[in-house]
Amino acid sequence: MMPSADNHKISNSFLEINIDSIIHNYQLINNKVGNTECAAVLKADAYGMGASVIAKALDRAGCSTFFVATIDEGIELRTCFSKTENKIAVLSGFLEGSEDIFYNNKLTPVLNDIEQIKKWDLYNKQKKISAPSILHIDTGMNRLGLTVSEFYDIIRRPTVLKELHVGWIMTHLACGDQPHNIMNKKQLSVFLNAKKKFPNVKASLANSAGVFLGKSYHLDMVRPGIALYGSGFGSIPSNPLKQVIKLYSRILQIRTLSRGASVGYGASYRVSEATRVATVGLGYADGYLRSLSNCSWVFFNGVKLPVIGRISMDYITVDITKIASEKIKTGDFIEIIGDKFTLDDLATVANTVPHELLTRLGTRHHRIYRNTDNVSK
Ligand SMILES: *Cc1c(COP(=O)(O)O)cnc(C)c1O
């Protein structure tokens, strides 16, 4: 439903985030993976959607393990929960000197190299505690985590292994969004072999795309992030997830250009006939990537309209010639992301992933959280 302009008198654009749809997506994945635990990845402020609101809603929906990227995100997320049982794991590992911060905020470090393993072990011994950690094995991403040979090195030194307070091992898929890519099976098999060395330890491999690769990829815990927002289901033809966000921006001015006139910076677009153009209030500072210049679309009352000229910091220009002039006016809202043109559609046009679009939306859109009843207080 189009918002009424009255409710949003002061904003150029607004972002609607439907909490019920996030919960729906979480529950759908949770049901799909059966007895496997379903965690949630809330790094980068829950992909820019607001970690506090979303964490509380997921907590109410039964989620009890959350992943963030940085220690600061972990500290912030800890303050969102009234109960301390919720687990918060920090993917980037930890730097020397941050042990107390991890422990005091009840954050679980993901141990990415041998030094981190030793330091966490030493800290546990000194404090006479057994605080949990997750051991990250890199099975092909070549980004973070112990290499497979480092892992087997550790295994060969049983004293180190015995001391490890590792409750979990994890790895991360490089090509989960390509179901037929041979990398997926290879990574799974390397990881399962590693897991055999740790019979009592639980294992996690799948991100959102991994969830949709099938049961053998689920193991003990899945870690969806983008799927909570309705994307990242790989190339499954019919997406079972619900769309979560809608983005509307306001028409600030309308003008008619005569044949041959140019639009915007660099005069990169010239109209070949008389053209009605609307200037709309969002730009690359609002996450509408500059690379979308002259190649994207928006919708108005179900009609697809081309974005013309360069995207500037605060504005885009749209060819509205197709809409009768009495049907469109300054102040009306244009659909940027919504039912007609989803986050995935825009990501495809922008030649990027939905993750990047979401995390770049920024803070200038007026935000409306719908259906927040499920958010625990
Ligand atoms: C970001 C991330 C995820 C979640 O990925 P999605 O594609 O958003 O589901 C899971 N695991 C790790 C290690 C990550 O970095």
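The list holds 14 residues, and the closest are Lys43, Tyr47, Ser208, Ile226 and His355. I then looked for polar contacts, meaning pairs of N or O atoms within 3.5 Å. A polar side-chain atom of His355 is 2.9 Å from a ligand oxygen atom. The side chain of Arg223 has an N or O atom 3.0 Å from a ligand nitrogen atom, and for His172 the distance from a side-chain N or O atom to a ligand nitrogen atom is 3.4 Å.

I noted the basis. This is a predicted model, where local features need pLDDT of at least 70 and side-chain atom pairs pLDDT 80 or more, while totals for chains, interfaces and linings use all residues. Numbering starts from 1 along each chain as its sequence is written, and side-chain values use heavy atoms, without hydrogens and water.

I searched the whole structure for cavities and got 1 of 30 Å³ or more. A cavity here is a set of points on a 1 Å grid over the protein atoms alone where a 1.4 Å probe fits but cannot get out; lining residues have an atom within 4 Å of a point. The largest cavity holds about 40 Å³, and its lining includes His136, Asp138, Arg143, His172 and Gln187.

I counted disulfides, as cysteine sulfur pairs within 2.5 Å, and the count is 0. Cys63 is in none; the nearest cysteine sulfur, that of Cys38, is 6.3 Å away.

Key: On a 1 Å grid over the protein atoms alone, a cavity is a set of points where a 1.4 Å probe fits but cannot get out, and a pocket is an open set with protein on both sides within 12 Å along at least five of seven lines; lining residues have an atom within 4 Å of a point. Grid points are joined across faces, edges and corners, and a volume is the space filled by probe spheres set on the points. A residue is near a molecule or strand if one of its heavy atoms lies within 4 Å of it. A polar contact is a pair of N or O atoms within 3.5 Å; within protein, one must be able to donate a hydrogen and the other to accept it, and residues adjacent in sequence count only if both atoms are side-chain atoms.
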